[in-house]
Amino acid sequence: MATQVFKVPDSFKKDFKYTFCPGCDHGVAIKLVAEVMDELGIREKTIAATSIGCSVTIYDFLNVDAIESPHGRALAVATGVKRANPDKFVFTYSGDGDFASIGLAESLHAALRGECLSAICINNTTYGMTGGQLGPTTLLGQVTTTSPMGRNVEYYGYPVKIAEHVALCDGTAFSARVSLDTIANIRKAKQAIKKAFEVQLQGLGFGFVEILSTCPTNWRMSPQQAHERVRNEMMPVFVPGVYKDITNKENN
Amino acid sequence: MVECLNKTKVLTKGNYAIANAAVIAGCDCYFGYPITPQSEIGEFMSGKMQELKRAYVSAESELAAINMVLGACSTGKKAMTSSSSCAIALMQEALSYATSDELPVVLVSVMRGGPGLGNIFPSQGDYNQSTIGGGDGDYKIIVLSPSTVQEAVDLTYKTFYLAHKYRNPAILLADGLLGQMMEPVEFGEYPYPEVDHSDWALLGAKNRNSRIIRSYSPQEEPQCEHIRHIFEKYRHLEENEVMYEEIDTEDADLVVLSFGSLSRNVKAAIKQLREKGLKIGFFRPITLFPFPNKRLQEIAGKTKKFLTIEVNMGQMVRDVRLAVNGKVPVEFYGKPVGSWPSVEELAEAIEKAVI
């Protein structure tokens, strides 16, 4: 008897088209979000506040209500949705530029207020949709279209460690950084997303996951090379792990 | 049940009156950031909304406040923010989004002096900011302009109603004078029907397809269609929702125009001159968008001259000139923002224009 080992999550739209570049981790991340929604049974009460950049297209994949926020304002829009409808499940899905550069104030203040929201941030060390410019998480030495000689401290300063900053906010219930470079790490990522969603459902506060992701097109790499870069260059700086989990006393 | 002074006539400050009216109008959510001369609105709301178990957030910035309003409005709720001049400049992007998203955003704007930080004196320097705006693309904002505290209450109700009826942002445009002065008002009940948003609001995709509120529109033709649809709403507004006050224009040699609380001094000055036998009429647009173009064209055919008076260097006067399209000369008398002309000064300026 055949056993089904792979299926499109129920929370996906039936007629979606895959629009990301080959090897981009957005597709994996969105599928994990959908799987967690299936498992928690929350699709019908979900409202997503999307952002600007490649991440905005999540509303083309997920079969959930969504509002597109102006650039950087996803957590403010999500706050408005949630405060107006405390019984709904509200989450944001944005890139590092949206979450931690133009939207840093909105993101951290949502965490500081302890908004019962869940936020996913895709960290790929660049502005993908606009063609690979330097962003808040671009690594020191990294060449981008606006750091042609590599990121140096003199001109550009330092990259931001998002999960650690979010963990420092008293209103944060859960903050973790994960990667999608191996099967094992994809499984860990799914557990983190689930936890970030559960703390909202339990009314415990702000749930956050930073996902280290690839951008093979702008990194000028193959998908395999891109995942090697995540492992060898990103993970030593952006160290994966759970930075805050108020449901796990040992962890803190 | 709201028990906010809605039974009897009370003496109250403009900002408190506007806030109280918003509560009676059924405002579900208030999001705000302090700025003089409107901070009493947020102060009042912080207590009242919590008392009524409605949503209130002290936002980290005006950018956040207006975007929280967008989020709450996307679920069909009545939501508002209030602010002033240089801080409303920060909200222009979100207002542009809200027109494309067709969200019933309510914004109370209590004008102070500008440009930049300017000062906290009453001013009319934000006529252009409200009616033209600084967001991107083709759009209009509904703008209502009260001249008394009672009218501020009545127009707060109307601002909520029109925003929801037309699913478009609406601004109640007051000024520091109106916000800070006390006058007797009656609140009564919210006089408009509730608008049903169940066919578009985001409440979770249960037993229906998912809904997306978005302004991103990569295809040319759907975007053109969308803009035409929005402008069709603006045409309806221009046909059905124009409000103005008009006094003694029938026999007038000169019709004087002003908006907002300055109109009180202008009317007092005209009264003095009428008593001297000068034939002067008065016209006050109450809706700054939709602007009373049609009525102004009619009056232009019967009078010899228009004089527009504003506490700015000439903003509404451009709309007046466009409305009459050269049919009568339109003169302007103004003062820089942050100063307020006396009745005597206005009477002198109007008398000069008659000759």
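A: Let us begin with sheets, for which one definition is needed: two strands pair if DSSP finds at least two bridges between them. The model before you is predicted. In chain B, five strands form an open sheet of mixed pairing, in the order β10-β12-β11-β14-β15.

Q: Which strands of chain B stand at the edges?

A: The edge positions belong to β10 (244-247) and β15 (330-334) of chain B; each has a single partner strand, so one side of each is left without a neighbour in the sheet. From one strand to the next, the twist averages 20°.

Q: How many bridges join β11 to β12 of chain B, and in which sense do the two strands run?

A: Strands β11 (residues 254-257) and β12 (residues 280-285) of chain B run parallel and are joined by four bridges. Helix α10 (residues 262-275) of chain B lies across β11, β12 and β14 (305-310) of chain B, and runs at about 170° to β12(B).

Q: Where in chain A may I see an antiparallel pair?

A: Consider strand β5 (residues 172-179) of chain A, which runs antiparallel to β7(A) and is joined to it by four bridges. Within this pair, R177(A) has G241(A) of β7(A) as its bridge partner. Strand β7 (residues 241-245) of chain A is mostly covered, four of its five residues being buried.

Q: How should I read burial along a helix?

A: The case here is helix α10 (residues 223-234) of chain A, in which A226(A), H227(A), R229(A), V230(A) and M234(A) are buried. Seen down the axis of α10(A), these buried residues fall within an arc of 150°, so they line one face of the helix. Q224(A) and N232(A), on the other side of α10(A), are exposed.

Q: What covers the buried residues of α10(A)?

A: The cover includes β5, β6 (206-212) and α9 (216-219) of chain A.

Q: How is chain B divided into domains?

A: Domain 1 of chain B comprises 10-191 + 231-236, and domain 2 comprises 244-354. Their C-alpha centres lie 26 Å apart. Across the boundary, 24 residues of domain 1 of chain B are in contact with 20 residues of domain 2 of chain B. On the domain 1 side, the largest share, four residues, comes from α6(B). By class, that side of domain 1 of chain B has ten nonpolar, twelve polar and two charged residues.

Q: Which strands pair between chain A and chain B?

A: Strand β2 (residues 65-68) of chain A and β9(B) pair in the parallel sense, over two bridges. To locate the pairing, look for A66(A), whose bridge partner in β9(B) is I212(B).

Definitions and conventions: Residues numbered from 1 in each chain as written. Chains lettered and ligands numbered in written order. Predicted model: local features only at pLDDT ≥ 70, side-chain atom pairs only at ≥ 80, totals over all residues. Buried ≥ 20, exposed ≤ 12 C-beta atoms within 10 Å, placed from the backbone. Axes fitted to C-alpha atoms, helices over the stretch in contact; angles between N-to-C directions. Contact = placed C-beta atoms within 7 Å. Domains from an automatic or database assignment. Nonpolar A, V, L, I, M, F, W, Y, C, P; charged D, E, K, R; others polar. Arc of directions from axis to C-beta.
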